[in-house]
Amino acid sequence: MRLLVVEDDRDINRQVVNALEEAGYVADKAFDGEEGAYLGENEPYDAIILDMGLPKADGVTVLQRWRRAGIKTPVIILTARDRWSDKVDGFDAGADDYVTKPFHMEELMARVRALLRRAAGHASSQITCGPVTLDTRSGRVFVDGNPVKLTSHEYRLLSYLMHHTGRVVSRAELTEHLYDQDFDRDSNTIEVFVGRLRKKLAVDLIQTVRGLGYLVDPNQPAARV
């Protein structure tokens with residue numbers, strides 16, 4: 001999953017980005033409203049953490065701009081403003097959640113997980129397809145209850161596919177959502193990671209749809225290979 005953090009306080013921005021990366025996400029960062037608005041319009045983020053009091057363009061203005069442009073990316077507002085009227089303004093502008101400063105990083109990460117689950121149509125922190133279970137809270141993967149050790153890239157790939165079960169995900173989409181904007185992207189590496197995942201999981205979970213991409217079908221039991 002790939003997220004954007006728009007926060008002008010560089011210490012907070014760095015702390016949030018570090019926490020997201022430690023949790024297995026890819027995170028881009030912006031420090032003012034204009035840069036954040038541009039990235040949000042031109043990059044395919046899975047969620048955005050947006051500060052209200054930004055230079056050059058405030059958070060509500062940026063959020064309204066995205067929504068007018070038809071951008072439906074889930075947004076968590078992060079702000080020191082705690083008046084109920086400010087919260088109403090944020091929600092009315094199109095925010096999906098609201099966190100006030102100071103905040104506990106664990107709470108913000110939990111809200112990010114919940115927002116991503118809801119956006120993908122999942123209710124629980126554990127996503128299960130056949131014998132494979134992805135625990136988004138702990139960042140662990142299990143097959144028939146047994147833990148499987150994955151690299152960060154393998155986990156991100158499996159997490160994205162399992163969050164989007166039931167639809168074909170192209171290699172280009174995976175590349176856009178698994179790497180940050182500065183990474184030298186090569187969609188051919190996706191094939192390598194899919195191959196590694198199949199060997200480690202040892203179940204027929206990830207289907208190749210020729211010419212289109214990959215599919216995790218929740219309605220088809222994943223047999224052992």
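**Strand 2 and its partner**

Modeller: Strand 1 (residues 2-6) and strand 2 run parallel and are joined by five bridges. This description rests on a predicted model. One of the pairings can be named: arginine 2 has valine 26 of strand 2 as its bridge partner.

Strand 2 covers residues 26-30, and four of its five residues are buried, so the rest of the structure largely encloses this strand. Buried here means that a residue keeps under 20% relative accessible area. As a general point, side chains in a regular strand alternate between the two faces of the sheet.

The wider setting may now be described. The protein chain contains eight helices and 11 strands. Of its 225 residues, 49% are buried. Among contacts in the protein chain with a separation of 6 or more, 56% are between residues 24 or more positions apart.

The overall dimensions complete the picture. A compact globule of 225 residues would have a radius of gyration near 17 Å, and the protein chain agrees with this because its own value is 18 Å. The C-alpha trace spans about 55 × 30 × 30 Å along its principal axes.

Finally, the surface and the charges deserve mention. The protein chain has an accessible surface of about 11,100 Å², and carbon and sulfur atoms account for 46% of that area. Its side chains include 30 positive and 35 negative ones, with the centres of the two sets 5 Å apart.

Note on methods. Residues numbered from 1 in each chain as written. Predicted model: local features only at pLDDT ≥ 70, side-chain atom pairs only at ≥ 80, totals over all residues. Heavy atoms only, no water. Helix = DSSP H or I, 4+ residues; strand = E, 2+ residues; numbered from the N terminus. Rg over C-alpha atoms; globule rule 2.2 N^0.38 Å. Buried < 20%, exposed > 50% of the residue type's maximum accessible area, 1.4 Å probe, protein only. Contact = heavy atoms within 4.5 Å. Areas by Shrake-Rupley, 256 points an atom, 1.4 Å probe, with all protein chains shown as cover. Lys, Arg positive; Asp, Glu negative; His and termini not counted. Charge placed at Lys NZ, Arg CZ, Asp CG, Glu CD. Pairing = 2+ DSSP bridges.
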